[in-house]
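Please keep the sequence and the three-dimensional view at hand while reading.

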Amino acid sequence: MIDMYFVFMEDYRFSLLKEYEKYLSVEEIDRMGKFVLQIDRDQYLLTRVMARRILSQKLGEHFSTLVFENNLYGKPYLKNDSKRFSFNISHAAGLIVLAIDDNAATIGVDVENLSSEVDLNVRENVFSNEELLLFEQVPWVDQKKYFFDLWTLKESYMKAIGKGFSVAPKSCSFLLEHGKYQFYENVMESAPNEFSFQLFDLDPCYKVALCHKNENNEINSFRILPYWEVIDYKMSSGSYILNI
Ligand SMILES: CC(C)(COP(=O)(O)OP(=O)(O)OC[C@H]1O[C@@H](n2cnc3c(N)ncnc32)[C@H](O)[C@@H]1OP(=O)(O)O)[C@@H](O)C(=O)NCCC(=O)NCCS
């Protein structure tokens with residue numbers, strides 16, 4: 001079963017968020033420091049807090065005991081108990097998405113902001129020949145939507161297998177067949193594959209794709225968390241106290 005969590009970066013209190021910096025590893029602090037913009041550093045920190053908060057509740061362990069490591073290509077996993085849970089993270093301007101699988105199956109998620117400008121010519125570099133042929137048949141008013149559908153699906157796959165952009169996006173194909181995207185790891189071989197996909201709009205602004213390698217691929221829960229629930233604080237004698 002998959003649980004999906006969403007947090008919008010709205011109305012957040014930086015001073016409270018900063019309190020959580022002490023729970024980051026040296027590597028995480030270093031990475032956070034490399035972002036030029038404060039908003040990006042905050043998003044990085046809030047993502048860490050969100051993942052720790054939710055995973056620690058699932059594991060029944062204290063927030064501070066979770067240790068994350070990355071694979072060779074940067075995909076984070078939980079060192080504490082990677083056999084119980086797998087997860088993946090994605091962000092797009094103002095939104096953080098976390099997908100967790102409680103069977104530790106291969107999982108990848110991608111979110112794209114549909115209001116971003118996109119040069120549709122990049123499809124030549126990222127779509128397979130078969131996808132390009134189908135793209136030419138799409139009415140121009142639908143081409144941007146079609147582009148984002150394919151791009152989000154491709155990224156969710158590249159992230160599920162944990163290799164990100166070290167896999168050529170052209171190497172796999174999503175072909176619209178009978179109104180549904182059919183996935184081919186290699187369209188020339190068209191061998192059956194074990195991946196399943198879900199594609200949906202969170203609201204008119206965000207497209208989300210989930211890639212999963214498990215028979216039981218239902219989304220069990222879908223929660224938009226308010227910032228204060230992730231930060232988890234209470235007011236006491238006029239000041240805020242974090243519930244860690
Ligand atoms: C993973 C990747 C496709 C993400 O692309 P993106 O559209 O910029 O970003 P998204 O918001 O969708 O995803 C970012 C999140 O994906 C996760 N992630 C990072 N690398 C990943 C990978 N190889 N596979 C799956 N997930 C990955 C991280 O959690 C990251 O968020 P975080 O930095 O806050 O933890 C891209 O960054 C990539 O290809 N990275 C690999 C680079 C690489 O090969 N590095 C090797 C040396 S470290």
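In the hairpin of β12 and β13, two residues lie between the strands, and Ser-237 takes a positive phi near 45°. Strand β12 covers residues 233-236 and strand β13 residues 239-242; the two pair in the antiparallel sense over four bridges. Lys-234 stands opposite Ile-241 in β13. Strands here are DSSP runs of E with at least two residues, helices are DSSP runs of H or I with at least four residues, and both are numbered from the N terminus. Two strands are said to pair if DSSP finds at least two bridges between them.

The model is a predicted one, in which local features need pLDDT of at least 70 and side-chain atom pairs count only at pLDDT 80 or more, while totals for chains, interfaces and linings use all residues. Residues are numbered from 1 along each chain as its sequence is written.

The protein chain is divided into domain 1 (1-105 + 214-244) and domain 2 (114-195); these bounds come from an automatic or database domain assignment. The centres of the two domains, taken over C-alpha atoms, are separated by 29 Å. Five residues of domain 1 are in contact with five residues of domain 2, where contact means that the C-beta atoms of two residues, placed from the backbone, lie within 7 Å. The side of domain 1 that touches domain 2 has one nonpolar, three polar and one charged residues. In this classification Ala, Val, Leu, Ile, Met, Phe, Trp, Tyr, Cys and Pro count as nonpolar, Asp, Glu, Lys and Arg as charged, and the others, Gly among them, as polar.

The sheets can be taken in turn. Strands of a sheet pair through backbone hydrogen bonds, either parallel or antiparallel. An open sheet of four strands has the order β4-β5-β1-β11, and its pairing is mixed. Its edge strands, β4 and β11 (219-225), each pair on one side only. From one strand to the next, the twist averages 15°; axes are lines fitted to C-alpha atoms, for helices over the stretch in contact, and angles run from 0 to 180 degrees between N-to-C directions. β4 and strand β5 (residues 95-101) run antiparallel and are joined by seven bridges. Val-97 in β5 is the bridge partner of Ser-90. Helix α3 packs on this sheet, where it touches β1 (2-8), β4 and β5, and its direction makes about 25° with that of β5.

A further open sheet consists of three strands in the order β6-β10-β9, with antiparallel pairing. β6 and β9 (196-203) are its edge strands, each pairing on one side only. Neighbouring strands of this sheet are turned by 15° against each other on average, direction ignored. Seven bridges join β9 to the antiparallel strand β10 (residues 206-213), and Leu-199 stands opposite Ala-209 in β10. Helix α6 packs on the sheet, touching β6, β9 and β10, with its direction at about 145° to that of β6.

Which residues come nearest to the ligand? Of the 20 residues around the ligand, they are Tyr-73, Gly-74, Lys-75, Gly-164 and Phe-165; a residue is near a molecule if its C-beta atom, placed from the backbone, lies within 6 Å of it. Two or more residues of this shell are given by each of α3 (38-59), β4 (86-92), β6 (106-113) and α6 (140-160). β4 gives the most, with four residues. By class, the shell has six nonpolar, nine polar and five charged residues. Domain 1 and domain 2 each supply at least three residues to the shell.
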